[in-house]
Structure formats: structure tokens, C-alpha cells
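This report walks through a protein model from backbone details to helix packing. Please keep the sequence and the coordinates at hand while reading.

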Amino acid sequence: MSLDSSMDKVLERRREVEARLSDSATMNNAELAQFSRELSDLRPVCEQIELVRRVEAELAEALVMVDEAGDDPDMLEMAQAEADLLKDQLPEARAQLQLLLLPKDKDDSRNAILEVRAGTGGDEAALFAANLFSMYQRFAAKHGWKFEVMEVSETGIGGYKEATATISGNDVFARLKFESGVHRVQRVPETEAGGRIHTSAATVAVLPEAEDVDIQIDESDLRIDVFRASGPGGQSVNTTDSAVRITHLPTGIVVSQQDEKSQHKNRAKAMKILRARIYDAERARVEAERAAERKGQVGSGDRSERIRTYNFPQGRVTDHRINFTLYKLDRVIAGEALDEVVDALVSEDQARRLAEGS
């Protein structure tokens, strides 16, 4: 489809949505919210379309003035300068429009569930997992998102075997979806007297939060076990069977939750994570089918793929998927400069999709 055809299609869709909203009395609340959200999404695209068409029209007028200037050097110079300026503006305006016209990931506006797990490297891996979890917590605070810790399994020396949180706010999944994969750290552990650099790793999973309407779970497909919650070292921290383990039999996905003292609350949290994991598994299956036709996709979400290295001696962070290196490790770990890495990943993904014409 040509750019002009795409522009016409978007403007026509805006007219249709505005017409529906003008007759909002016939809609229920869900439909009203859906069309209002769509109109909000269309607005920046339509504004850019109008800018492109305005520049195109003004350029056509300037070129007519150049033709009609005749022997008037002042008129010719003015018209030519105007035409040259507009010729410079048009490619940038069109490029911005093409980015806005790229199909959006339908999950981009969703909240996310963050899971961080220690990988190879023993205590150092667990300490790094805690560092990453804190990095995302500070990153969320920077963006004004709500960061709710759901469960943390500590090692007793400040490290995390695994930690889970829900992150709520605007475009959370859009900004965090490329974080899934293996994160590697190279540094001298505080406990290492010899000062040798150790390499360890942690795995990050970012799942789009699923609603009840997205995933229908049959109660008969669930096995629910209850047990007493335990703290570090295995000691019991609860005298009642409040901890919950839910197994989804068709997929084999298992979720445990024990942070709350109430069995009901633990079950609700576990179900939220279970829905997200099932939804993510289906999303990954569909994406794998698409990715089979192309290679080198930034956002594969492969949990086994080493995506990034944090090298403390050199103060650098390198994202291996796009060969991007940033010598701001301390600020990245503090959540301050993580946006620079995320922006580079988003730009690479946009460039790829533009090149593919998708």
C-alpha cells in the first residue's frame, strides 16, 4: 500500500470513529472506552498526515511561483529559497509519518509482570539478580509507574534467587518488552579476596499482563496445592497453610505464591502470574511463526538468549543484539540511563520493520 493510500485510510478511520462517538448514547461503557482510546491513538498520526500534506501543498505552490517568476530575480530567489526549505522538510515529515504508521504491538499499552531469576554464578548471580530487580524498580519510579513486589525469594546475604513484581502505568510493556533474556555481569565480587573478575548471570522475563477476557482458564485444568509458607533457610514463617501452588495441567506451567498471609490473596496473585505466563507462551508461539521467515529480530523474547553484558571494571553496558555499548554502567544500574539502551532497541526494531515494509 502506498503512503498516500495509507494516509487516506487513516483519515477515513478517524471520521468513522468520530461519527461513532458522536452517537455515544447507543454504546455501552466498554465500546465507548474502546473508541475513545482508538481516537486518542489516531490523533498524533492524523496530525502528522496533515503536516505532510500541508508541506506538500506549500511546496507545490512554491514551485509554481518559481515557474512564474520569469525575469524577476527577487521573486525567483524568494520562491526558490521557499521551495528548497520545504524540500528539506518533506523527507523528515514523511519519515516520521512512516514510523507512526507502523503496526503497533497490541500489547504495548499493557501493564507488565517482571520476573528476575539468578542464573549461573552462585551467590554473585543472586546479588546481580537483586541489582537488576532494583534497577527496574528505580526505572519504574522514574517513569511514574507503580511497582508492586509480588514475591521475593532471598538468599540471606542480600541476593535474590528469584523476584516477581507487577508494573503498572502508561506503555509499560512497550518500554520493557526487549528486556527479556539472559543478563550477564562481569565484576569482582565483594567476597573475593583475590580480586578476580567473576562472570555470572541472571534471567529476566517481562510478560504482558493478561486480563480474564484474554485467557479463559478452566478450573478443571488446575491442580491447586496449599502448604505452609517458609522463609530463608526453609524455616516456617506461617502457622497456617496459606501458601499456594497452582499447576496448569495442559501446559505444565507451575506458579507458587506465599508472600501474603491470606491463602485467598496468594491464590489471586498466583492466578495473575499464571494468566500472564499462558498468554506470553501463546504470544511467543505466534511470534516464533512470524520470526521463522526472518532472522535477527530484536524482540524475540528468548529467555535463553544472552542479550546484555554489564562489565563493571570497564564501566560499560553492551547489548549484544544491536551491538550497542554505553559507558554509563552506574547510571544504567541506577535506572537513570536505562532509557538510552531501551531507545536504541526501539529504534532498531522500528528500522527493521520499516525495511521489511511491515
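In which loop does Asp 171 lie? Asp 171 sits in the loop between strand E3 (160–168) and helix H5 (172–176), where helices (H or I, at least four residues) and strands (E, at least two) are DSSP runs numbered from the N terminus. The model is a predicted one, in which local features need pLDDT of at least 70 and side-chain atom pairs count only at pLDDT 80 or more, while totals for chains, interfaces and linings use all residues. Residues are numbered from 1 along each chain as its sequence is written, and side-chain values use heavy atoms, with hydrogens and water left out.

**Backbone exceptions**

Most residues other than glycine have a negative phi. Asp 171, however, has a phi near 55 degrees, a positive value in a residue other than glycine. Because its relative accessibility is 41%, Asp 171 counts as partly exposed; on this scale, buried means under 20% relative accessible area, exposed means over 50%, and partly exposed is what lies in between, with a 1.4 Å probe and protein chains only. Asn 323, also not a glycine, has a positive phi of about 50 degrees. Asn 323 is found in the loop between strand E10 (316–319) and strand E11 (324–326), and with a relative accessible area of 70% it is exposed.

**The chain as a whole**

The protein chain contains eight helices and 11 strands, and 39% of its 358 residues count as buried. Among contacts between residues at least 6 apart in sequence, 61% join residues at least 24 apart, a contact being heavy atoms within 4.5 Å. The accessible surface of the protein chain comes to about 19400 Å², of which 48% belongs to carbon and sulfur atoms; such areas come from the Shrake-Rupley method with a 1.4 Å probe, and for residues only the protein chains shown count as cover.

**Buried positions**

Ser 200 is located in strand E5 (residues 198–208) and counts as buried because its relative accessibility is 2%. Leaving aside neighbours within four places in sequence, Ser 200 is in contact with Thr 120, Gly 121, Glu 124, Ala 125, His 183, Arg 184 and Val 185. One of these partners, Ala 125, has its place in helix H4 and is buried, with a relative accessible area of 0%. With neighbours within four places again left aside, the contacts of Ala 125 include Ala 118, Gly 119 and Ala 201. Ala 125 and Gly 159 are 34 residues apart in sequence and 7.9 Å apart in space, C-alpha to C-alpha.

Thr 247, in strand E7 (residues 243–248), is likewise buried, at 7% relative accessibility. Not counting residues up to four places away in sequence, Thr 247 touches Asp 221, Leu 222, Arg 223, Ile 253 and Val 254.

**Helix packing**

Two packed helices are described by the angle between their axes and the distance between the axes. Axes here are lines fitted to C-alpha atoms, for helices over the stretch in contact, and angles run from 0 to 180 degrees between N-to-C directions.

| Helix pair | Angle between axes | Distance between axes |
|---|---|---|
| H1 (residues 3–22) and H2 (residues 29–68) | about 140 degrees | 9 Å |
| H1 and H3 (residues 73–101) | about 60 degrees | 12 Å |
| H4 (residues 122–143) and H8 (residues 338–356) | about 85 degrees | 11 Å |

H4 is roughly perpendicular to H8, given that angles under 35 degrees count as roughly parallel, over 145 as roughly antiparallel, 65 to 115 as roughly perpendicular and the rest as oblique. The contact is made by Met 135, Tyr 136, Phe 139, Lys 142 and His 143 of H4 and by Leu 338, Asp 339 and Val 342 of H8. By class, the contact of H4 with H8 has five nonpolar, one polar and two charged residues; Ala, Val, Leu, Ile, Met, Phe, Trp, Tyr, Cys and Pro count as nonpolar, Asp, Glu, Lys and Arg as charged, and the others, Gly among them, as polar.

H1 and H2 are oblique to each other, and their crossing is left-handed, meaning that the near helix is turned anticlockwise from the far one by less than a right angle. Their contact has 13 nonpolar, one polar and nine charged residues.

H1 and H3 are oblique to each other as well, and the crossing of H1 and H3 is left-handed. Leu 3, Ser 6, Met 7 and Val 10 of H1 make this contact with Arg 94, Leu 97, Gln 98 and Leu 101 of H3.
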